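Please keep the sequence and the model in view while reading.

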Amino acid sequence: MIKNYLKIALRQLRKQKMYAVIKIGGFALSIAACLLIGLYIKDELNYDKSYPDTDRIYRVLNSVPADGKINRGTSFPAPFAAALKSNFPEVEKTARIMASALFDGAGSNELRRADKTENTHEEGFAYTDQGLLDILKLPMVYGDRKHALDEPFTMVITKKKADKYFPGQNPVGKLMYLNNNTKKPYKIGGVIQDFPSTSHLQYDFFLTMKDKELWPGEQTTWATYNYDTYVLLRKGTNPDQFQKKATKVMINQYIIPGLLKVGFKAATTMLAHATIDMQPVADIHLKSYDMHGNGDIRFIWLFGAVACFILVIACINFINLSTAKSASRAKEVGVKKVVGSTRISLIKQFLVESMLFSFLSFAIGMVLAWGLLPYFNAVAAKSLIIPWSAPWLLPIILASAAVIGIMAGIYPAFFLSSFKPVSVLKGSISNGGKNSLLRNGLVIFQFTTSIILIISTIIIYNQMQFILNKKLGYDKSQLVMIEGANILGNDVKSFKNELLKLSSVKSAAISDYLPIEGTKRNDNTFNVEGKEKVESGVGAQSWVVDNDYLKTMGIKLVEGRNFDPAITTDSTAVIINETFAKKLNFKNPIGKRITNGAAYTIVGVVKDFNFESLRDPIGSLVLHWGISPSIVSVKVNAGNMHNTMNEISAIWRNFSPSEPIRYTFLDDRFASMYADVQRMGRIFTSFAILAIIIACLGLFALAAFMAEQRSKEIGIRKVLGASVQSITKLLSLDFVKLVIIAIVIASPIAWWAMTKWLEDFTYRITIGWYVFALAGVVAIMIALFTVSFQSIKAAVANPIKSLKAE
């Protein structure tokens, strides 16, 4: 019986080639899209699940309510991890990671083997404890994991770095120099396997914390927060109950007393409702978006919804075309029922046809997904592969094809099998139900989804353009960042002076504190002098800059003066921004003094500028005069950039002949801060186009069918004098009405969704009416273009051909 069903299905496929191509083509495109999105979601959900004890590993968070919201952070004082372990038997192991580029060794370094002379710039350095290797049970290539970081000045490197510096060798015991510091070489204690791409820890060099102090007394103070803390809880420990115990003990017995000890009087009040939370390591990637994590669980839900909508649009095409073509199958159903076929057997027949379309679509969709995967990887910044050899892939594909085939075919099967033989054979079955309420509703749903995607794409694009072109309070154009300048040592000032002699250079500044992510940050608390014991202080970024920093960055000084090397007291002078002056309630800040361990005199105020992501409001900022030499920023003239960079490179070679120059442009680094938003925009655009194509395929087929069913009506109208224009309008108007209804439904949904998305940005566009008007016009034009071919074709046809049968 199944064989006969398949024969009939193949016969129908050959008989109605155009409709079959549209059904299968639309399904195949949607399946390819769903497969790509599925691979993306699977990759995102697979983060940090490769560790043997993943279900017992947690990162510790601090949550502090303030100003009506909860501020979450990951940083804790140096002694926090040890105190946590000693106070709670539920804690099996603890470990700390410190990757802040504020401290020498962490972040990036110039690295070389002890027996070589040429350095290589490397990223991905972090200080950590031996406990991290034990908690994660990182697989070792060389060395003993239990003792790899036991000794002072030891390091663990990944396999790819071992292959780079010691190809074909066991590097354990070998020495390496950081930043030409030959007095303190690091010994390699072990080599670990590379972290998988699905790990939030993407480090290549772990430096031991054994006997390491960032400054004298740093390892015992509870007043500074620089370490991420990880814990391995014992089996059977309830993390929710544990974090309640940890909150009570750690905050009240350690953190608050530690802050009070250094004079932070507001600690008791500020931390009264603070909590210590356990974040499962598998949640870090997707559930840390409020702390600017790499992923966002909301995107997963969003892309999953997009995949479902695209698949539903393809299913709608199948249902619409199947029910629209009902008249052509009515006699077949009537005759089969007369000769004894039951309704159940007819339903089975139509479901087999539907599943055949589904299986063919899946086969083509898999091929399309394979072909589109390189493009999708480029757009999504991923390295996804289709796991052809995975034992679960084929069963899932077959099961999905069967389920989708049944879902798409169940309504047409029941609809077609319901025809009564008497009505069919008398010719009283409607020709496809041209005014079908269901079919119109499905078309509206298709275009509602497509219009939501169009509106979302427009708003994402406009927000990105707003961010990239917003006036930030500094000038990021024509600014070259020369990195790794710290290897010049004391010659960095001479290097800067030589650059200033070039006619193409306007100014230059030495500072690795820049208004972009990935450069140094130093968060401190300042008090008004004399009020340390009565006020809690104000948090602010504390940056070290030279006297040419404001000029080079194009930052405007609104009060006071710039730093002056000729004034010796400027070593204790600071320049603050307007936000900090407001928080300190200084109406005339010049000459006022603030403290942070030492006392500083305010000599200038700069106009507020955005030095963090535009997702965040402008924070408080304090500029100190000094040298922070990792980056030299150079403002150059617009013009022949190639010659300018050749001149700058030549000067660099004079100072560092064995080290290649490394530079980037500030505006490029600024744009890279929003790479995730740009990726989202590109993905949305791609799937919006795909959804529209699938919807238009169905609309094209429906238009062809309607023109076919109304061919005699069109012939009579032409005989009676109707023009081509009026007939085209007649056939197109019904579809345009449906699209207009879709616009009305889609607009408020898209407005709500994109308003929620824009809330992540402190600086954002206003969603104007023109966005919805533009999306509506685009949708109507697409619909008209789709149906116009069939409408015009029907309007210009010879009426004799359609009327000769009468």
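Helices (H or I, at least four residues) and strands (E, at least two) are DSSP runs, numbered from the N terminus. The model is predicted, so local features need pLDDT of at least 70 and side-chain atom pairs count only at pLDDT 80 or more, while totals for chains, interfaces and linings use all residues. Residues are numbered from 1 along each chain as its sequence is written, and side-chain values use heavy atoms, with hydrogens and water left out.

**Ser-511**

- Ser-511 sits in the loop that joins strand E15 (505–510) to strand E16 (523–528).
- Its relative accessible area is 1%, so Ser-511 counts as buried (buried means under 20% relative accessible area, exposed over 50%, partly exposed in between, with a 1.4 Å probe and protein chains only).
- A polar atom of the Ser-511 side chain lies 2.7 Å from the backbone oxygen of Val-544. 
- Not counting residues up to four places away in sequence, Ser-511 touches Val-544, Val-545, Tyr-549, Ser-628 and Ile-631 (contact means heavy atoms within 4.5 Å).

**Nonpolar cores**

- A nonpolar core is a set of buried Ala, Val, Leu, Ile, Met, Phe, Trp, Tyr and Cys residues joined through side-chain atoms within 4.5 Å.
- The largest nonpolar core has 140 residues, and those with the most contacts inside it are Met-155, Phe-447, Ile-451, Tyr-549, Phe-670, Phe-687 and Trp-757.
- H19 gives the most to this core, with 15 residues.
- With neighbours within four places in sequence left aside, Phe-447 is in contact with Ala-695, Leu-699, Val-739, Ala-742, Ala-779 and Ala-783.
- A second, separate core holds 26 residues, including Phe-76, Ala-83, Val-249 and Ala-274.

**Second largest pocket**

- On a 1 Å grid over the protein atoms alone, a cavity is a set of points where a 1.4 Å probe fits but cannot get out, and a pocket is an open set with protein on both sides within 12 Å along at least five of seven lines; lining residues have an atom within 4 Å of a point.
- The second largest pocket holds about 560 Å³ of space, a volume being the space filled by probe spheres set on the points, with grid points joined across faces, edges and corners.
- Its lining has 23 residues, of which Leu-302, Phe-684, Trp-752, Ala-753 and Met-754 lie nearest the centre.
- Helix H8 (297–324), helix H13 (437–469), helix H19 (675–709) and helix H21 (724–758) are the elements that give two or more residues to this lining.
- H13 gives the most, with 7 residues.
- By class, the lining has 16 nonpolar, 3 polar and 4 charged residues (Ala, Val, Leu, Ile, Met, Phe, Trp, Tyr, Cys and Pro count as nonpolar, Asp, Glu, Lys and Arg as charged, and the others, Gly among them, as polar).

**Cavities**

- The whole structure has 2 cavities of 30 Å³ or more.
- About 30 Å³ of space lies in the second largest cavity, and its lining residues include Phe-609, Phe-611, Asp-616 and Gly-619.
- That lining has 4 nonpolar, 3 polar and 2 charged residues.

**Other loop residues**

- Asp-48, in the loop between helix H2 (17–45) and strand E1 (57–66), has a positive phi near 55° and is buried at 0% relative accessible area.
- Gln-478, in the loop between H13 and strand E14 (479–483), has a positive phi near 55° and is partly exposed at 27% relative accessibility.
- Val-262, in the loop between helix H6 (239–261) and helix H7 (267–270), is exposed at 52% relative accessibility.
- The C-alpha atoms of Val-262 and Ala-223 are separated by 7.0 Å, with the two residues 39 apart along the chain.

Conventions
A polar contact is a pair of N or O atoms within 3.5 Å; within protein, one must be able to donate a hydrogen and the other to accept it, and residues adjacent in sequence count only if both atoms are side-chain atoms.
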